Amino acid sequence: MPVYNVREDWLRKAVESILHQTLQDIEVILVNDGSTDQSPGICDDYAKKDSRVRVLHQENRGVGGARNTGLTAARGKYILFVDADDWIKTMACETLYQKADQDGL
């Protein structure tokens, strides 16, 4: 998830929507893209509370640069991009994983 100066409540809602997925075997990568607000601390707090969360801090490179940083760091078989001002339904990861696995994607 690229993170750059996003509203605190939106960031929390986005991260919470990922952490509360029915598919629990996930890796959450938060890329702080040079934020100058409270976003870096919020990201670090999530990493302290949940071992599935990793935070990467970098100078601002834009959303594409932040996504590329996350892609390079990712260890999983599948990748799902979620922006810091979006949230996903509770079964999103499980549904997408099952479909991808079933169809050999």
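Reader: Which residues in α1 are buried?
Author: This is a predicted model. Buried here means under 20% relative accessible area. In helix α1, the residues that count as buried are Leu11, Ala14, Val15, Ser17, Ile18 and Leu19.

Reader: What covers the buried residues of α1?
Author: The cover comes from both strands and a helix. Among the elements over the buried residues of α1 are β1 (2-3), β2 (28-33), α2 (39-49) and β3 (53-58).

Reader: Is Glu8 buried, exposed or partly exposed?
Author: Glu8 belongs to helix α1, which covers residues 8-19. Its relative accessible area is 40%. Buried would need under 20% and exposed over 50%, so Glu8 is partly exposed.

Reader: How many Å apart in space are Glu8 and Ser39?
Author: In sequence, 31 residues separate Glu8 from Ser39. From C-alpha to C-alpha, their separation in space is 6.8 Å.

Reader: What span is expected for α1?
Author: The helix has twelve residues, and the expectation is taken at 1.5 Å a residue. From its first C-alpha to its last, α1 reaches 16 Å. That is close to the expected span, 16 Å.

Reader: Which element supplies the largest share of the largest nonpolar core?
Author: This core has 18 residues, and those touching the most other members are Met1, Val3, Leu11, Val15, Val28, Leu30 and Val53. At least two residues come from each of α1, β2, α2 and β3. The largest share, five residues, is from α1.

Reader: Which residues does Val3 touch, not counting residues up to four places away in sequence?
Author: Val3 is one of the core residues that touch the most other members. With residues up to four places away in sequence left out, Val3 touches Leu11, Val31, Asn32, Asp33, Ser35, Ser39, Cys43 and Ala84.

Methods
Residues numbered from 1 in each chain as written. Predicted model: local features only at pLDDT ≥ 70, side-chain atom pairs only at ≥ 80, totals over all residues. Heavy atoms only, no water. Helix = DSSP H or I, 4+ residues; strand = E, 2+ residues; numbered from the N terminus. Buried < 20%, exposed > 50% of the residue type's maximum accessible area, 1.4 Å probe, protein only. Expected span 1.5 Å × (residues − 1). Contact = heavy atoms within 4.5 Å. Core = buried A, V, L, I, M, F, W, Y, C linked by side-chain atoms within 4.5 Å.
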